[in-house]
Every structure is written in structure tokens, then in C-alpha cells.
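Subject: The structure for you to look at

Hi,

Here is the structure I said I would pass on. Have a look at it first, and then read my notes below.

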Amino acid sequence: MMPRVMPLSGDPPRSRVLAVVLIVIMVGLAFAPFLFPGAKPLNVAAKVCIFIALAASYDLLLGYTGVVSFAHTMFYGVGSYGVAIALYSLGARWDAIGLGLAIALPLAALLAFAIGLFSLRVQTIFFAMITLAVASAFLVLASQLSWLTGGEDGRSFRVPELLQPGTVFVPRDVLGVAVTGRTLTYYLVFVSCALLFLLLLRVVNSPFGRVLQAIRENPFRAEALGYRIVIHRTLANVLAAVVAAAVGALNALWLRYTGPDTALSFNIMLDILLIVVIGGMGTMYGAIIGGTLFVLAQNYLQALMGTVSAAAGEAGLPLLPSLFHPDRWLLWLGILFIASVYFFPSGIVGKLRGGSG
Amino acid sequence: MSAQDGATDAGAALPKAQADFLPLLLPLLVAIAGYLGMWCQSFPQLPSSSTWVTLTIAGLAMGMMIFIMASGLTLIFGLMDVLNFGHGAFIAIGAYLATLVLLPLGGWMQADSIWLNLAAVVPAVIVAMAGTAVLGLAFERVVIAPVYGQHLKQILITMGGMIVAEQILYALFGPQQIPLPLPTSLRGSFQIGEAAIEKYRVVCVVAGLVVFLSMLAILNRTRIGLLIRAGVENTEMVEALGYRITRLFVGVFMAGSALAGLGGVMWGLYREQVNAAMGGELLVLVFIVVIIGGLGSVTGCFIGALLVALATNYAGFLVPKLALVTDIALMVAVLLWRPRGLYPVTSR
């Protein structure tokens, strides 16, 4: 294969509708602090950014490499906890963030390397089971080693002054909004996530990414052509893990808190799976669409479910109130998940591309 | 991935399975290691052997319950090449179905008569097993059948099935834990010398042994077992010889689900409470056991379950924090020794 020098990925959306939707989402996220003022919308926007990057890194594994990992939140948690513990113990300093990253990213890479070498040799199904086991052990460890991680309560910490909400850069309103440290943090999250996404898009369209896809389609043929399956899969796993850890660190900075529920819980793993599957496996752009839809739905649909549940309760219908209870959100997600695996294996992006050529 | 290293030594007349007894010694080894560990802690005195006996029996009982849950999963994987992430759901469903019978019969459970107790427990077990078997049938036909041979989709879909089942349990039974007290005649313990042995643990050990031995007998002594073993080796060949492998699949899937249900009932009684999250929690343990045993092997699964349970119990006594990672450590150790598990049966 001739190595082509391309500054960009050379992988356009390839669908007019898709391109328009992507542009709308990007513009919305880029100007979120000014378009949607208020604490909650900004929170949702930051979460969208974080989930897009996280889901994209997972797509590298699920969509491009064709392996199912259940340990992705573990790496996300490693990054989250790395920054959280460093900031908690060293105080609100920039070098603490650096130190946290300097420990967390290599640790994530090392863990991913070990798990990959260990379990990707045999078969991918092994990998799924082993990552599930390791991730659940890690979750238990994080909630038990309370001297380090704060246990179930997690760690709340202060971020450097520049990023604190109290720091006001432009006291007068810019389009009706004051620019504070919170805005700066949002842009830190947004730019970092955008860069990570572009990096991943570049990787999957590189010769390395092509080999990954070849292995996904036909491992034996790829191996016969001289590509070492284990090495490629393990490298993909390591790369995905490092990106996930970086995203985890961003999440910790945004929330100023890290705990088992926000960084390690199995629900996040399911969310990522769902985003990637619904958005479209093996498309990268699917992460943007899936992530946006998912986070919006999570934040606004649950309220709707609560209304439906209450209405059904008043109407005296049996069972419906408990089925539509906001806590049963996962039930509908799960059904949607199964349905999308059956009926839209290529997800929304695949549908859009198929629809308009 | 398909057959690659299934070739065995050619030339041997009628290759007879080589007896491989080494893994059988492992549980013994772990038990001795546990004793030595307790000795280290109480050095220079000998450790109290009654504590060791209690721990060992507890480990065996837990191991048997895990084995009952895991055996179904390993058989299903061996025969159909399906890794059912929804297996945990059947465990939880079994336990919930049992509460449906046991809670209305609470009076019989608390009565001081073994017959009344049995009159409550036996129907509960039957309902749980029959219910999970029927659900297993539906799950296999509706959810898994369309994705045979596609590992990625299988994992995703069965995982989705697991989530949906768990949420439906929450919706039907509410999010709270349901207490499930042991029947009176199974409470309390036998006193053997210094050691106190809980009656229910003995029941678990016996039940586990019965399941294990009858599975071995069915697999090795009956025609169905022969077909199942042949199906594990080479599905297409069995089909070519004129057997309907699909029926076999369905049967094994139902049996495996029923075993998961039985395990769920036993676990619920052991913990004396039932909640919907138990399926997911146990699934991880079951996976570790199945991996240690070698995907598809019943004997390996049995040994793996005992190993994991014994090690967890000793470690929980000696260094409680360590008990959190013993399963993983054990799995890593076994896989370093035998990368495909203790008894890898499938050629896949």
C-alpha cells in the first residue's frame, strides 16, 4: 500500500444530510455557552463533547477492529481518577493536572496492553469476557481503596483558579453571557475532544486503520498477507484506552468531582455501546450523532417519561406507570439497542449514507 | 475464528481421550494453600482446624452454586458457539420466580416440619426451573437464532437482552430487595468436633454434586450426550449424519437456562434475599469460572468454580481486601499455565 500524505483524514461524511447535521451539531457545540446560556445546557453540551470523544474511541475498537470490550469505562476511570487524585492531594495547581495525566495515560496504556496481549491471542469472545471481569474488579477496587479514591463518595477537588467559575474574564455580557472560568473549561473540553476525534478519524483512515478493518473482515486473510493480528488489535486497544483516559481526565476537570458513578459505573459502558451502535459502528461520525442524540435524550426524555408515568398512574392503568418510570430509562434504551443491532446494523450514519448515496 | 488447531495426532488407532488429572489436583492445592496461609497468620501455633473446615465447606457450597449456574453457560457455548451474556438474567429470573411461590407459602417455610418446608421449596424450584426453561426457549428462538455465527452481534444482543430483562424485573417487582428466608429445617448447623457446618451449605454441596454427576452421566452414557459431545466437536458433521442439530440446540439451551434458574434460587436462599442486580453480579463470576475451566468443558467448569470459591473464602478470611481480586488473579494464573483454560474442549 502506498503511503499517501494527507493532512486530513480524507473521509468526508459522504451524505448531504449527514454533513448538514454534523455542521449543525458542531456549530451548536462550538457556540454552546452563548447559544444556550445557563448552567444546565452548558453541562449538557460538555457532556455531549465528552461522550462524542469517548464513543469515537470505542468505535475504533467495536466498529473498526471488531472486538467488544467492556473495559472502556475502566480506562475512562483511570484518567478521571488520575487527575482527581492528583488535584485532590496536591491542590489546585496546573502541574497536578500534568502529573495526573502523566501517571494515568501510561497506566491506561499499560493495562490495555496487558489485557490485549493476554486475551486477544485466543479469540475475541475471550476478550469480551475478560474485559468484563477485569472492569468489574477495577470498579470494586476503586470503591474499596477509600484512602486513595475516596471510596463510594469519590473525590471532590478544586481546579486551578483560571478554570474556576468564580474567575470572571469579561464581566460585561457577551451576547448576554459573562465569560468566566467555566466558559474557559468548556472550551478546553470542546477543543480537546474535537482534537481527539480528529486524531481518531485520521487513525482509522491511515494504513494502520485499513489493516484493522481488514482484520475485522477476515482475520485469516489479513494474517496471510503478513499483518500480525494480535499486534494490530492490541495497538488499537492501547490507542482507544489512552484516548478514553484523556477524555476521562477532561470529564473530571469539568465535573470537579470523580466517583465510581461518574467514572467507572457499568451504566456508562452501556451508554457508550448504545451510542456507537445507534450512531453507526465503524463510521466515527456515528459517535457524533449518537452521542448528541443520546445525551439530549438522557437529559430531556427522562423528564418526559416521568410525565407519561404520572399520567398513566392517574389514568389508573396497570403496569404502565412502572414501565415509564424515569428510573426504567435503561429498559427502553435496551430495547432500542437490540432493535438497532437487528434492523440498523450500520446505525443512523449508515442509513443516511445509504439513503442519499 | 474457526478451526485451526483442532488437528490431533494422526496415526493412533481410535484416539482415546488422554486422561488429564493435573487440574483435578488444583482445588486440593488451593485448600492446602489456604491452610498454610492460616498457619502463617497464627504462627507458631497451628491454625484452628475448625475455622479451616468451616471455610472449606463454605467455599465448596459457594463453588457448587456457581458451578450450577456456570455449567449451563459453558454447555451452551460449547455446543452452539454462543456466548450468552443474558445468562445472568436467567439467574435473577429464577430467583424471582421462586419468591413468587415461596412468599405466599411463608407459613410453610417457617413451620418446624421438614415436610412442610419441602412442600414449599420443591414447587418453588420446579417453577423456577420450568419458568427459566420456557423463557430460555423463547430467548433462543426469538433473540439468538437470527444471529447464529455472528459473535459481535451475539454479544451485543444478549447483553441488550440482559439489560431489558433486569429492567423488566425492576418494573414488575420494584427496585427493593426481596427477603427470602431459609426454611426452618435448613437453618442452623451441624456440630462436628469444633467445627460448625451450616446445614444449607451441605445441601448445596450435595445438590451441586448431583448436578455434576448427572451431567457427566448424561454426557458420557446416553445417546443424547453422545450427540451433544459430537455437536461440540463438529456441528456440521452431526447434521450431515441426519440429526436435527437445531432441536439439540434448543434442548441444551433450555436445560442451561433451567440450571441458571436453579442456581438463582439456591443463591437467593443462601443470601436470604433477591434483587434484580444479582444476575449481573453473578455473571462476572460465572464468566471467570467458565474461562478458567476452558470454554465448553463441564469438568473444567466444575473445577474452576471450586477453585474460585475456595480461594475467595480463604482470602476473605486472611486478607479481606485481597478477596476482591482473587478471582482475577486466579484466572490470570490459570491462563498463564493453560492459555485456553484447564480443559479446552472446543477446537474453536
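In which helix does A:Ala240 lie? The residue sits in α11 of chain A, the helix that covers residues 229-255. One thing to keep in mind while you read: this is a predicted model.

Is A:Ala240 buried or exposed? There are 29 other C-beta atoms within 10 Å of A:Ala240, and the cut-off for buried is 20 or more, so the residue is buried. If you skip residues up to four places away in sequence, A:Ala240 touches A:Ser57, A:Tyr58, A:Leu60 and A:Leu61.

Now the whole of chain A. It has 17 helices and four strands. Its radius of gyration is 21 Å, close to the 21 Å that the globule rule gives for 357 residues, so chain A is as compact as a globular protein of that length. Along the principal axes, its C-alpha trace spans about 60 × 55 × 40 Å. Of the 357 residues in chain A, 49% are buried. Take the contacts in chain A between residues at least 6 apart in sequence: 73% of them join residues at least 24 apart.

Chain B has 13 helices and four strands. For 348 residues, a compact globule would have a radius of gyration near 20 Å, and the 21 Å of chain B agrees with that. The box that its C-alpha atoms fill, taken along the principal axes, is roughly 60 × 50 × 35 Å. Buried residues account for 50% of the 348 in chain B. For contacts in chain B with a separation of 6 or more, 77% are between residues 24 or more positions apart.

How many residues does each chain bring to the contact between them? Chain A brings 35 residues and chain B brings 31 residues. On the side of chain A that touches chain B, the elements giving two or more residues are α6 (124-144), α13 (266-279), α15 (320-323) and α16 (329-343). The most comes from α6(A), with 14 residues. By type, that side of chain A divides into 25 nonpolar, seven polar and three charged residues.

In soluble globular proteins, nonpolar side chains tend to be buried together. Here the largest nonpolar core has 240 residues, and A:Ala245 and B:Ile66 are those with the most contacts inside it. The largest share of this core comes from α2(B), with 20 residues. Which residues is B:Ile66 in contact with, leaving aside its neighbours within four places in sequence? They are B:Leu285, B:Val286, B:Val289, B:Ala305, B:Val308 and B:Ala309.

A helix you can check by hand is α4 of chain A, residues 72-90. Its 19 residues, at 1.5 Å a residue, should span 27 Å, and the end C-alpha atoms are 27 Å apart, which agrees. Mostly, α4(A) is covered: 17 of its 19 residues are buried. Just after this helix, A:Gly91 takes a positive phi of about 90 degrees.

That brings me to backbone angles. Most residues other than glycine have a negative phi. Where does A:Met284 lie? It is in the loop between α13 and α14 (285-314) of chain A. Although A:Met284 is not a glycine, its phi is positive, near 65 degrees. A:Met284 counts as buried, with 29 C-beta neighbours inside 10 Å. B:Asp81 is another residue other than glycine with a positive phi, near 60 degrees. Look for B:Asp81 in the loop between α2 (49-80) and α3 (87-102) of chain B. With 19 C-beta neighbours inside 10 Å, B:Asp81 counts as partly exposed.

Last, a hairpin in chain B. Strands β2 (residues 189-192) and β3 (residues 195-198) of chain B run antiparallel and are joined by four bridges. B:Ser189 stands opposite B:Glu198 in β3(B). Two residues lie between the strands of this hairpin, and B:Gly193 takes a positive phi near 60 degrees there.

Send me your questions once you have had a look.

Cheers

Methods: Residues are numbered from 1 along each chain as its sequence is written. Chains are lettered from A and ligands numbered from 1 in the order in which they are written. This is a predicted model: local features need pLDDT of at least 70, side-chain atom pairs count only at pLDDT 80 or more; totals for chains, interfaces and linings use all residues. Two strands pair if DSSP finds at least two bridges between them. Two residues are in contact if their C-beta atoms, placed from the backbone, lie within 7 Å. Ala, Val, Leu, Ile, Met, Phe, Trp, Tyr, Cys and Pro count as nonpolar, Asp, Glu, Lys and Arg as charged, and the others, Gly among them, as polar. A residue is buried if 20 or more other C-beta atoms lie within 10 Å of its own, exposed if 12 or fewer, and partly exposed in between; C-beta atoms are placed from the backbone. The expected span of a helix is 1.5 Å times one less than its number of residues. A nonpolar core is a set of buried Ala, Val, Leu, Ile, Met, Phe, Trp, Tyr and Cys residues joined through C-beta atoms within 7 Å. The radius of gyration is taken over C-alpha atoms; the globule rule is 2.2 Å times the number of residues to the power 0.38.
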